[in-house]
Each structure stands twice: as structure tokens, then as C-alpha cells.
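The following exercises concern a single protein chain. Each consists of a task and a stepwise solution.

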Amino acid sequence: MRFSSPAGTFRRLVGALIAVVVLLWPFAATAETEDFPGQWRQMVSNAGTGGTCWLAIKQNGPILKVSSNNGWFAFAHADLKTGSTIATGIGRWSEDASGHYGGKPFDVRFVIVDKQLYLDMIVLMDDGTKQAIRAIFDKDRLGKTARRVMAKS
């Protein structure tokens, strides 16, 4: 029976860990999709005109942190294994939000289709009913806002 020293075992373990990191590094680097992160400007909504509404999405691995300029925030999970452009999660309207949504929790789903972000938000109201909010957003890209303003002139 042959025994190895603790130092030899440690070296083999470190070597195996380094090999795993080197092999998996390319997959970790592509774990984030380029589709979700960025600033998105609302184009249409069933909750009123949204010419000044926008949201910002930050991504860390499969987790999206979404904040809006009109008083809500959400956390969603994107399924990166399938390369999907769908993310689902939960959020809450700020207590200070205007209207009857203030402080209300909601379920949310984001889907990207043809480079547009579709939002489906289901808000739980005080009386137990659910209110659906749907909107479509376009990603703000460098120079795009200026073109949009010029096109409206």
C-alpha cells in the first residue's frame, strides 16, 4: 500500500482546480447575454403614454437588476443555459410612486424579440385582484436618441 504526503495531495488538488478553471473560463466569459444590459426607453404601454419612461438593466451572470425612473425596481433570472432572451422575477413599486401602485409587489417577465424588450408586469392590488401592465421598450444606443429627435422634427 502506498501513501502520498499531504503536500503531494495538496499539489494535485490545486493542479486539478486550475485545470477546471482553465477549461471552464470560456463558458464563464460567455455566461452573460449582451441583450438585456443597458438603458431601455419605453415606446408603448397599456398604462399610459411613456415618452419619458425608461429602465436600466444591470446583469451579473443570470441575475438582472432592473430599475425604472417611474418608481419601481425588480430582480429577474435569465436562463443562460438555453441562450434564452427571457427573464422572470419579482419587484415592487416604491411607496412614493404616484397613482394606486405605490408600495405594491409584482411578478414580472421580460422577453426580447427583434431587439425590443417586452415587459409583462402583474401587480397584486390591495383587494386581491391583479393588474396587468404591458410595455415595449427600445434599447438606447449611442446616437440613437439624437436620430429619434431629428426624425420627429
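**Exercise 1: Overall architecture**

From the N terminus on, the chain's elements follow the order α-β-β-β-β-β-β-β-β-α, where helices (H or I, at least four residues) and strands (E, at least two) are DSSP runs numbered from the N terminus. The model is a predicted one, in which local features need pLDDT of at least 70, side-chain atom pairs count only at pLDDT 80 or more, and totals for chains, interfaces and linings use all residues. Residues are numbered from 1 along each chain as its sequence is written, and side-chain values use heavy atoms, with hydrogens and water left out.

Task: State how many helices and strands the protein chain has, and what share of its residues is buried.

Solution. Step 1: the protein chain has 2 helices and 8 strands. Step 2: of its 153 residues, 31% count as buried, that is, under 20% relative accessible area, with exposed over 50% and partly exposed in between (1.4 Å probe, protein chains only).

**Exercise 2: Strand β3 and its partners**

Task: Determine which strands pair with β3 and in which sense, and which β3 side chains are buried.

Solution. Step 1: β2 (residues 54-60) pairs with β3 in the antiparallel sense over 6 bridges; pairing requires that DSSP find at least two bridges between two strands. K58 stands opposite K65 of β3. The two strands form a hairpin with 2 residues between them, and G61 in the turn has a positive phi of about 65°.

Step 1: β3 and β4 also run antiparallel, joined by 5 bridges, with H77 in β4 as the bridge partner of I63. Their hairpin has 3 residues between the strands, and G71 takes a positive phi near 100° there.

Step 2: in a regular strand the side chains alternate between the two faces of the sheet.

**Exercise 3: Surroundings of C53**

Task: Is C53 buried or exposed, and what does it contact beyond its neighbours within four places in sequence?

Solution. Step 1: C53 lies in the loop between β1 (38-45) and β2. Step 2: C53 counts as buried because its relative accessibility is 15%. Step 3: with neighbours within four places in sequence left aside, C53 is in contact with W40, R41, Q42, N69 and N70, contact meaning heavy atoms within 4.5 Å. Step 4: C53 and W40 are 13 residues apart in sequence, and their C-alpha atoms are 8.7 Å apart in space.
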